[in-house]
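Subject: Structure for you to look at

Hello,

Below is the structure I said I would pass on.

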Amino acid sequence: MHNLRSKFVIIAVLAIGATQLSTLVATSIMGDSDAMRQAQTNLSIGGALFDELMRGRTRSLIKSVTRVADELATDVATPDRRSWLAAAASGIGADFMLILDNRGSVIATSDDTVAKAYPGLVARAGDDRSIRSSIAVDNRFFEMLTLPVPGTAEKTWLSTGFRIDTKIVGLLHERTGLDVAVVGRSGRRHELVASSIDSAALGAAELDAMLIRPDNIDATIATVSGERFLVRARPFVHDARDVVILLQAPLSGAIAPYRTLQLIALIVGAIALILALIGAETLARGWRAPLERIISATRRISAGDYTTPVGARRSEEFAGLAAAINNMQSRIAERENRVVQEAQFDGLTGLPNRLLAMRSLDESIEKQRSMDGDVCVMLVRLSGFRDIRASFGQEIGDELLLVATDRLRSTIPSGTVLTRLDGDEFLLIMETADRTAAWALAEDIIRVLAAGVSNGTVNISASACVGISSFPHDGDEPEKLLLRATIAQQEADHVPERIAAYQTGTEEQYARRLEILGSLRRAARENEFKLYLQPKVNLADGSICGAEALIRWDHPRLGFLSPLEFVAIAEQSGNVALISEWVLTAAVRECRLWIEEGIDLPISVNLSGYDILNPDLPRIVLEILREHDLDPKYLMLEITEQALFHDFGLATVVLQCLRDLGIRISVDDFGTGHSSMARIRNLPVDELKIDKSFVTELPDNRKDVAIVRATIELAHNLGIEVLAEGVESRPAMRWLANMGCERAQGFLISRPMPAETFSQWVNHYSEDRTAYVSVLDAINLQAP
């Protein structure tokens with residue numbers, strides 16, 4: 001509150017101070033402006049009076065000097081000219097008189113102290129007809145009137161001097177009302193000749209500055225004895241700079257009324273400041289109590305106490321603010337309770353979520369650690385619920401998930417914590433239970449869920465898998481136990497029991513899978529993938545009839561990786577399209593290079609079942625073919641029969657689009673799935689590839705013989721050609737050729753090789769006696 005009162009005081013002082021300052025500045029500016037305007041007016045009037053006065057004085061003096069010159073012409077033979085001139089000068093109030101010849105030399109003078117040549121006076125009076133001028137004699141300045149003496153044989157001049165002194169200054173001051181100073185120039189410096197005021201403070205530097213242009217009409221501000229004057233310089237004699245008159249108009253008189261206004265404003269401001277301080281103190285006291293209550297309330301709210309309302313009387317200024325704070329307090333409490341609920345509990349099932357689950361697991365671990373007990377963690381995943389949502393919609397999926405939650409609640413023993421993590425995953429925490437008890441509970445959970453869950457409309461059998469980890473055997477931290485339960489759950493997905501407990505060492509496999517998954521995009525971007533090719537031969541004549549594109553990965557840290565490992569991980573993570581597009585691009589580019597080298601062979605590429613279900617696959621393949629200018633007839637796409645039956649209708653449409661582009665279709669690993677010739681006949685298929693599991697033991701295994709013979713015969717009846725893969729012996733190749741199988745592929749012909757060596761291998765195939773002769777011999781042909 002002291003700060004608030006201080007702020008009120010500061011605001012009052014600043015407001016009044018700003019007002020006073022603006023008033024003082026405004027009056028100062030107005031005073032200066034008005035004083036300057038008045039001084040300018042006075043100078044203008046005084047200047048006009050000065051001009052008029054000097055013109056009248058000059059006319060009077062010229063008249064007097066002219067009379068003396070006329071008298072001198074009649075008395076030119078006067079023997080005592082000195083006395084005569086002195087008497088004449090005294091008669092007209094002059095200080096001295098000179099008679100000059102036409103060269104300016106003194107013929108006679110009334111004062112020997114000024115007896116010297118004055119050619120300038122004669123020249124100025126004769127040539128410029130300027131009879132008025134000024135001279136300086138022994139630091140005295142004189143106004144000179146020079147007139148010709150009439151009737152003289154040799155032209156002579158009468159020059160009369162009138163001293164410039166305080167008499168003239170007094171006359172000008174009296175007539176103009178202005179302060180007047182006369183400044184004369186003696187050599188290179190200026191001297192103050194006379195002044196109507198005490199001008200001792202008027203220094204030589206200021207005189208020089210004001211007298212740079214004595215005919216300048218602009219006024220100059222000068223300070224004399226602490227008083228400011230507006231000064232205007234005027235030459236005493238026209239077109240002469242030896243003597244200058246300074247007309248000075250004081251500014252202090254015009255500014256005086258404004259100084260009075262400023263004093264009054266200061267007094268008023270001081271009174272207002274005192275009243276403002278009193279008002280600020282009174283206002284602060286009135287606000288102090290309610291504000292202290294409000295501040296105390298906000299501190300309670302910030303500390304999390306939302307129970308105590310803010311009290312305020314209706315008459316107080318802050319009653320409305322107090323009511324608003326109380327309303328805000330209740331809303332914050334409601335919102336915080338809701339946020340806590342949403343942050344710790346699942347919105348659908350009401351079960352604790354991951355955050356609360358990890359906290360509960362940490363508490364159980366610490367509790368059992370002190371008791372030297374066990375904690376079992378069970379991670380349950382409802383495998384079929386994602387497909388249920390996709391088939392029946394989110395609403396029905398949520399309803400069935402609620403039913404499954406109720407089944408789990410009724411199955412688990414008391415004291416077991418049931419939480420929901422993400423989607424279709426649940427986490428169970430069992431204290432003082434070993435793996436045997438956890439395994440038995442997992443079996444009950446799988447059996448209960450397999451019995452079926454129903455919402456009245458849909459009844460399904462939920463397939464669950466359970467991963468188990470335990471403290472302290474598998475870890476002593478919540479994150480590690482959950483990670484190892486997750487690893488065990490993934491293992492459970494591949495075992496008949498659908499239950500797995502964490503085994504030491506599987507975490508390394510899990511980390512390896514994660515590293516492979518994290519490196520997939522980098523491998524495609526930085527060409528860590530390598531293209532390998534395995535040739536195919538025509539069993540009719542032993543010629544090379546194409547090659548299958550295979551991918552290899554030389555991982556920078558994990559080393560050589562089998563496609564069986566990283567392709568499966570890519571399929572599970574939804575990244576298989578990345579690999580397929582890389583292989584397609586590399587294979588098409590390689591095939592184009594063959595054609596440019598004169599090797600006219602097609603190439604086949606394996607696609608995943610996820611690729612076949614992509615409606616954009618035909619467009620992607622066509623863009624790759626166009627980019628490398630390759631005819632679609634050179635490309636064959638191989639698909640597994642299992643991939644066909646995830647969505648047979650969509651797969652048929654996509655394959656037909658590819659076939660319409662001119663691309664050939666082959667069914668790979670035929671015989672290992674659940675397909676039938678009845679379905680195969682409805683597909684746009686050009687070739688069947690008999691899986692190597694049926695070819696390796698030919699012709700010794702009678703069952704394989706029967707299966708392969710029937711497959712070849714049925715395929716031919718449907719107009720489909722056959723390729724046998726995995727041919728590793730001559731008898732097998734000979735038997736296949738005799739059965740009418742069109743093509744073969746296997747180690748007997750060649751192992752997969754790097755793509756960059758394939759064209760060289762093809763060019764030397766006929767010279768390679770080991771491979772070529774083996775093929776020809778196997779199909780009963782003579783080598784050339």
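**An aromatic cluster**

Phe529 is buried, at 2% relative accessibility. Here buried means under 20% relative accessible area, exposed means over 50%, and partly exposed is in between, with a 1.4 Å probe and protein chains only. Before going on, note that this is a predicted model, in which local features need pLDDT of at least 70, side-chain atom pairs count only at pLDDT 80 or more, and totals for chains, interfaces and linings use all residues. Residues are numbered from 1 along each chain as its sequence is written, and side-chain values use heavy atoms, with hydrogens and water left out.

The structure holds eight aromatic pairs. One of them is formed by Phe529 and Trp582, which are edge-to-face at 5.6 Å centre to centre, with 70° between the planes. Phe529 lies in strand 18 (residues 529-538) and Trp582 in helix 15, so the pair ties together parts that are 53 residues apart in sequence. Rings of Phe, Tyr and Trp (its six-membered ring) pair if their centres lie within 6.5 Å; planes under 30 degrees apart count as stacked, over 60 as edge-to-face and the rest as tilted. Trp582 is also buried, with a relative accessible area of 13%. Phe529 and Trp582 belong to one aromatic cluster together with Trp553 and Phe566.

**The chain as a whole**

The protein chain has 24 helices and 27 strands. Helices (H or I, at least four residues) and strands (E, at least two) are DSSP runs, numbered from the N terminus. Of its 784 residues, 45% count as buried. Among contacts between residues at least 6 apart in sequence, 62% join residues at least 24 apart, where contact means heavy atoms within 4.5 Å.

**Salt bridges**

There are 25 salt bridges in the structure. The term stands for a side-chain nitrogen of Lys or Arg within 4 Å of a carboxyl oxygen of Asp or Glu.

Lys689 forms one with Glu548, and their closest N and O atoms are 3.1 Å apart. Because Lys689 lies in strand 24 and Glu548 in strand 19 (residues 544-555), this pair ties together parts that are 141 residues apart in sequence. Are these two residues buried or exposed? Lys689 is buried at 0% relative accessibility, and Glu548 is buried at 5%. Salt bridges that share partners join Lys536, Glu548, Glu638, Lys689 and Glu725 into one network.

Asp474 and Arg435 also meet through their side chains in a salt bridge, at 2.4 Å from N to O. Asp474 is in the loop between strand 16 and helix 12 and Arg435 is in helix 11 (residues 435-450), so the pair ties together parts 39 residues apart in sequence. Asp474 is buried, with a relative accessible area of 1%, whereas Arg435 is partly exposed at 23%.

A further salt bridge joins Glu431 and Lys367, with the closest N and O atoms 3.4 Å apart. Glu431 is in strand 13 and Lys367 in helix 8, 64 residues apart, and the pair links distant parts of the chain.

**A hairpin**

Strand 13 (residues 425-431) runs antiparallel to strand 12 (residues 417-420), and four bridges join them. Two strands pair if DSSP finds at least two bridges between them. Leu418 has Leu428 in strand 13 as its bridge partner. The two strands form a hairpin with four residues between them, and Gly423 in the turn has a positive phi of about 55°.

**Backbone points to check**

Most residues other than glycine have a negative phi, and most peptide bonds are trans. Which residues joined by a cis peptide bond have an omega of about 5°? They are Phe471 and Pro472, and Pro472 is in the loop between strand 16 (464-471) and helix 12 (478-492). Another cis peptide bond, with omega about 0°, joins Leu698 and Pro699.

Asp372 is not a glycine, yet has a positive phi of about 55°. Asp372 sits in the loop between helix 8 (354-371) and strand 11 (375-382) and is exposed, at 73% relative accessibility. Arg498 has a positive phi too, near 65°. Arg498 is in the loop between helix 12 and strand 17 (499-501) and is buried, with a relative accessible area of 18%.

Regards
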